[in-house]
Amino acid sequence: MWFSNLICYRFKQDVSYTQEDFEKALEQDIFRSCGSQDMSTFGWVNALGKHGQTLSHFSQNSILLCAKREEKVLPAAVINDMVAEKVEQIEREENRPVKKKEKDELKENILATLLPQAFKKSSLQFAFIDQESGWVIVNSASFNKAEEMMALLRKSLGTLPIVPAFANYDLDVFLTDWLTKFEAPEGFAIGNDAELQDAADEGAQVKLKQHDLASDEIKLHLENGKRVTKLALDWRERVQFLLQNDGSIKRVSYNDALKEQNADIPKEDLAIKIDADFILVSEEVKELLEDLTKELGDKDDL
């Protein structure tokens, strides 16, 4: 239950959910497998997988959620080849050109024929809600996928008054200032990875990995007007991550002492271990975000 990427939202008002009501809401959009003519499906599954019985897992004011997506695998190249063969056959046998509208209809017919036999692939998307501080955290590197999950949650609950947590912050300014001064906020340390970009649109990028970010080379880039769009940070020597100027937090890793904290829980008690890991991770993430937003400004200014 270790979140490796964070897309963060905050509630615009206090919220309080009971598990009974929350479960009933999620049950409206429970996952179902793709039917013969479905390209994809998306819905809620047990938060703890085979180790749980409920769609939501409530633990210490936090709620763990899991959504499942199933998709049919139909390579575009295969479809296009079949359409091209059919078009060629019609043009040869009927001695006439095939127009775009007819090509689109041919493609739809081919898709309808192939869908029932198509292979399926599935993926899980996790998120948690912190009812105490009003965070919603999606374990995703993609805003689009996070928004898709939030749209499903909004549909289930009827309303979801959240906003992207860092939407109102000009993170470029903060990241550039921290690296220019080589001084991170209290509790944080600057790592060895960064990305710099010219202020002009589509400006040149400088990608740095395992680099001494205090070097004269980096100072020169900053003096020449490049802004920092990504910066690796270490929080209290417990969590390392890459903060991006779009507000996403990627490549989250946890120190060994943290990961081993629940290692003594027996394997036969895996549900207990998953719950313990969830409590541990959610608390760490919340503390990290509270420290970060404290430097960026009051959440009430959002």
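**Briefing: fold dimensions, salt bridges and a charged patch**

At 32% relative accessibility, Glu-287 counts as partly exposed. This residue forms a salt bridge with Arg-236 in a model that is predicted. The secondary structure of the protein consists of eight helices and twelve strands, and the structure holds 23 salt bridges.

**Overall dimensions**
- The protein has a radius of gyration of 24 Å, whereas a compact globule of 302 residues would have one near 19 Å.
- Along the principal axes, the C-alpha atoms fill a box of roughly 75 × 55 × 40 Å.
- Of the 302 residues, 44% are buried.

- The closest N and O atoms of Glu-287 and Arg-236 are 3.3 Å apart.
- Glu-287 lies in helix 8 (residues 270–296) and Arg-236 in the loop between strand 10 and strand 11, so the pair ties together parts that are 51 residues apart in sequence.
- Glu-284 forms a salt bridge with Arg-238, with 2.5 Å between the closest N and O atoms.
- Glu-284, in helix 8, and Arg-238, in the loop between strand 10 and strand 11, are 46 residues apart.
- Glu-284 is buried at 6% relative accessible area, while Arg-238 is partly exposed at 23%.
- Salt bridges with shared partners join Arg-236, Arg-238, Glu-284, Glu-287 and Asp-291 into one network.

- Glu-148 and Arg-69 meet through their side chains in a salt bridge of 2.1 Å, N to O.
- Glu-148 belongs to helix 4 and Arg-69 to strand 4, so the pair ties together parts 79 residues apart in sequence.

**Negative surface patch**
- Asp-81, Glu-85, Glu-88 and Glu-91 gather in a patch of negative charge on the surface.
- Glu-91 is found in helix 2 (residues 76–94) and is partly exposed at 33% relative accessibility.

Key:
Residues are numbered from 1 along each chain as its sequence is written. This is a predicted model: local features need pLDDT of at least 70, side-chain atom pairs count only at pLDDT 80 or more; totals for chains, interfaces and linings use all residues. Side-chain values use heavy atoms; hydrogens and water are left out. Patches are made of residues with over 30% relative accessible area and no salt bridge: like charges are joined within 9 Å, nonpolar side chains (Val, Leu, Ile, Met, Phe, Trp, Tyr) within 5 Å. Accessible areas come from the Shrake-Rupley method with a 1.4 Å probe; for residues, only the protein chains shown count as cover. A salt bridge is a side-chain nitrogen of Lys or Arg within 4 Å of a carboxyl oxygen of Asp or Glu. Lys and Arg count as positive and Asp and Glu as negative; His and the chain ends are not counted. The place of a charge is taken as NZ of Lys, CZ of Arg, CG of Asp or CD of Glu. Helices (H or I, at least four residues) and strands (E, at least two) are DSSP runs, numbered from the N terminus. Buried means under 20% relative accessible area, exposed over 50%, partly exposed in between (1.4 Å probe, protein chains only). The radius of gyration is taken over C-alpha atoms; the globule rule is 2.2 Å times the number of residues to the power 0.38.
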